[in-house]
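User: Can you walk me through the aromatic contacts in this one? Keep it short, please.
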Amino acid sequence: MERLVEQDINVLDTSGNCFIEITDRLFIHITGNKKILSEKEKGMNFKISGIKVLFSILTLEDEQIPSIRNLASKSGSSNGTVKHVIDVLESNGYIFSSGKNKFIKDRERLLEDWVSLFNRSQRSALQIGRASWIISNKEWQKVSLPEGMIWGGDPGAYLMNGYMTPAEFCIYTELPVREIVKTKAMVPNKEGDIIFYQKFWEGKLSELGSAILFYADLINQNNSRCLEAARKIRDERLTYTK
């Protein structure tokens, strides 16, 4: 812009900064507007490492963002990935700085945008297999999953609030799908009804993290009963959205 101005060329950028002189009596000069980020710069192309950082931020119990090193450890991501995510969030108004610290500004928008991003761009990449029932799926509560596996979706939400009888089943796992045979209730089958997703968080999932995960799973199914169950989880467990 400065080079164009030096050549007496009127200029206007996409953020609204301008240097315009139409006559010697009409002069418009606007500076200081922040750059409008492209879709890439907005982080809408986050890989799973970025999704993990966002998820870790959403599961924080208070508004203050930990240091880059601590958040990297919490999310299992690199310092560089964490810094990039933080920069994108701050540029887009999800978080703000106060002195040397950063704080979450808009959890509700961050939650909804994370759910949309996760379901649209990363869920399919995390799917690692399927299984079929050997027993009736109505007996699912009798199944003791191997350590390293947890119920997601309908059954996870049911275990949280008992609101909706599960009709669809999914499991998050850090183990190979074949380990499910130990339950004597399921068998791996690429055409099966039970979907397995790779676990993408570090350590044990907190109650808040579980609520966020199940909320995303239910939203992804996009039918009236699941959307109502998702709303109930949001209203009862994700109280920061109010």
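User: Start with F200. Is F200 buried or exposed?
Analyst: F200 is buried, at 3% relative accessible area. Buried means under 20%, exposed over 50%, partly exposed in between, with a 1.4 Å probe and protein chains only.

User: What is this model, and how are residues numbered?
Analyst: The model is predicted: local features need pLDDT of at least 70, side-chain atom pairs count only at pLDDT 80 or more, and totals for chains, interfaces and linings use all residues. Residues are numbered from 1 along each chain as its sequence is written, and side-chain values use heavy atoms, without hydrogens and water.

User: How many aromatic pairs are there?
Analyst: The whole structure has 17. Rings of Phe, Tyr and Trp (its six-membered ring) pair if their centres lie within 6.5 Å; planes under 30 degrees apart are stacked, over 60 edge-to-face, the rest tilted.

User: Why is the pair of F118 and F200 called tilted?
Analyst: Their planes are at 40°, so the pair counts as tilted; the centres are 5.3 Å apart. F118 is buried too, at 1% relative accessibility.

User: Which residues form the aromatic cluster?
Analyst: F55, W114, F118, Y172, Y197, F200 and W201 form one cluster.

User: Switching to tryptophans. How do the rings of W133 and W151 sit, stacked or tilted?
Analyst: Stacked, because the planes are at 20°, with centres 6.4 Å apart. Both W133 and W151 are buried.

User: What sits over the ring of Y94?
Analyst: The charged end of R109, 3.9 Å from the ring centre. The cut-offs: NZ of Lys or CZ of Arg within 6 Å of the ring centre and within 35 degrees of the ring normal.

User: And over Y197?
Analyst: There, the charged end of R123 lies 5.2 Å from the ring centre.
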